[in-house]
Amino acid sequence: MESSTANRLRSIKLWPPSHKTRLLLVERIVKSLTTPSLLSRKYGLLSKEEAEEQAKQIDSSAFETANQHFEKEPDSDGASAVQVYAKESSTLIVEAVKKGPSQKGNQETIPESKPEPVTKIQETFFDISGGARAFIEADEAKELLKPLTEPGNKFTKICFSNRSFGLDAAHVAAPILSSINKQLTEVDLSDFIAGRPEAEALEVMTIFSESLKESDLKYLNLSNNALGEKGVRAFGLLLASQGNLEELYLMNDGISEEAAKAVCELIPVGSEGGVTLAEALGTCKNLKKLDLRDNMFGVEAGIALSQSIPVFVNLTEIHLSYLNLEDEGTLVLVNALKNSKSALEVLEMAGNDFTYKSAPALASFITSKKSTLTKLILSENQLKDEGAIVIANAIKDGFDRLTEVDLSTNAIRTAGARVLSQAVVGKSGFKLLNINGNFLSDEGVDNVKEGSLVERLVLD
């Protein structure tokens with residue numbers, strides 16, 4: 001029997017992903033394409049409809065590429081194919097963002113007033129993230145970064161994302177960045193060491209950190225670099241020097257409790273060491289957008305973050321998806337957000353494994369932000385009907401600015417879905433209610449549709 005079980009375990013395959021997994025990826029791609037970023041400021045933000053179309057194409061293309069990879073090693077467990085799938089998806093997302101909205105979309109959303117000359121944008125925004133992800137060595141770095149060396153240049157925003165810097169290239173970039181660091185306000189170093197050995201990647205981070213330490217940034221993006229504790233310490237000089245950040249992005253950086261503690265030691269705080277990144281963020285009092293998605297926070301880090309929430313009086317967006325907060329971490333965070341003075345517009349807490357037990361606290365928070373809340377993302381949790389009804393009752397009255405509610409994949413049945421759809425009826429600016437991936441029968445779907453006048457209702 002044990003031998004049979006072992007054989008079955010060895011036969012488990014990670015590829016291909018299930019249909020549900022692919023649908024969830026498409027949803028997350030849509031969120032990436034419709035979330036404002038440094039790139040979207042230059043190229044424009046995709047509409048929800050266009051993003052959904054692009055997301056399906058990205059998933060299809062990435063799946064085909066990964067599947068071809070898997071066919072070359074059919075006896076493997078498929079882990080490498082999953083990695084190809086993820087990397088290809090990331091590359092295609094960047095390309096989609098850089099293409100910007102379609103011409104039709106631009107005509108619909110951009111006023112007829114004459115646009116500013118492209119040269120003006122180019123003078124302030126320096127971007128080398130275009131094209132396929134590639135390694136950069138010294139000679140190419142020297143040529144690519146040449147515009148930054150021109151006397152009198154007015155670059156204030158730089159984006160090095162999607163290019164992988166080696167040591168030689170970093171040494172070329174270092175004096176150039178040092179020469180302009182005091183004029184920079186926005187820096188995007190997301191995904192800029194891909195494929196490098198750990199030792200080289202850490203040294204590259206340290207070099208960039210040293211070069212940028214005298215900058216006074218409002219926007220800093222270090223996402224998708226698998227920082228971990230060592231990476232956080234490599235960026236120590238840069239992190240320790242930033243007191244005026246308004247937007248900080250640390251998505252998918254492997255921020256564990258140890259890495260969080262490292263950040264705290266680096267960013268000057270009033271308390272002694274041994275606390276988390278969340279507490280360290282309390283020094284960034286000007287933050288307007290905080291994005292910590294896809295990290296290994298856990299309950300303790302959630303509790304620590306709640307203690308810093310009162311400091312963020314200017315906060316308008318907070319993205320806390322996939323942090324393993326569970327009910328305990330979720331409860332303390334939403335209670336802190338409820339009592340904060342911030343005019344919060346966007347709350348995202350998808351994939352945190354909280355249940356209907358968190359619903360009353362979420363409802364209380366939601367009600368406290370009735371005049372400002374525009375988007376509420378609580379997908380991929382376990383609210384069920386009990387929690388969905390509590391949330392629905394909270395948003396039923398008022399909320400003139402609310403445009404989107406997402407409770408997809410929450411084990412909701414017909415009763416909860418019906419109450420949710422009725423709660424958003426009549427809100428003038430409301431656009432999207434997403435209850436896809438829940439437990440609705442065909443009859444239940446028809447029932448919900450009949451009672452809904454929402455502009456866009458997403459059902460499974």
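Tutor: Glu345 counts as partly exposed, at 24% relative accessibility; buried means under 20% relative accessible area, exposed over 50%, and partly exposed in between (1.4 Å probe, protein chains only). This is a predicted model, in which local features need pLDDT of at least 70, side-chain atom pairs count only at pLDDT 80 or more, and totals for chains, interfaces and linings use all residues. Residues are numbered from 1 along each chain as its sequence is written, and side-chain values use heavy atoms, with hydrogens and water left out.

The partner of Glu345 is Arg401: their side chains meet in a salt bridge at 4.0 Å, N to O. A salt bridge here is a side-chain nitrogen of Lys or Arg within 4 Å of a carboxyl oxygen of Asp or Glu. The pair links distant parts of the chain, 56 residues apart, with Glu345 in the loop between α17 (326-339) and β10, and Arg401 in the loop between α19 (384-395) and β12 (404-406). Helices (H or I, at least four residues) and strands (E, at least two) are DSSP runs, numbered from the N terminus. Arg401 is also partly exposed, with a relative accessible area of 39%.

For comparison, Lys289 forms a salt bridge with Glu317, the closest N and O atoms being 3.9 Å apart. Lys289 lies in strand β8 (residues 289-291) and Glu317 in strand β9 (residues 317-319), so this pair ties together parts that are 28 residues apart in sequence. Lys289 is buried at 16% relative accessible area, and Glu317 is buried at 11%. A search of the whole structure finds twelve salt bridges.
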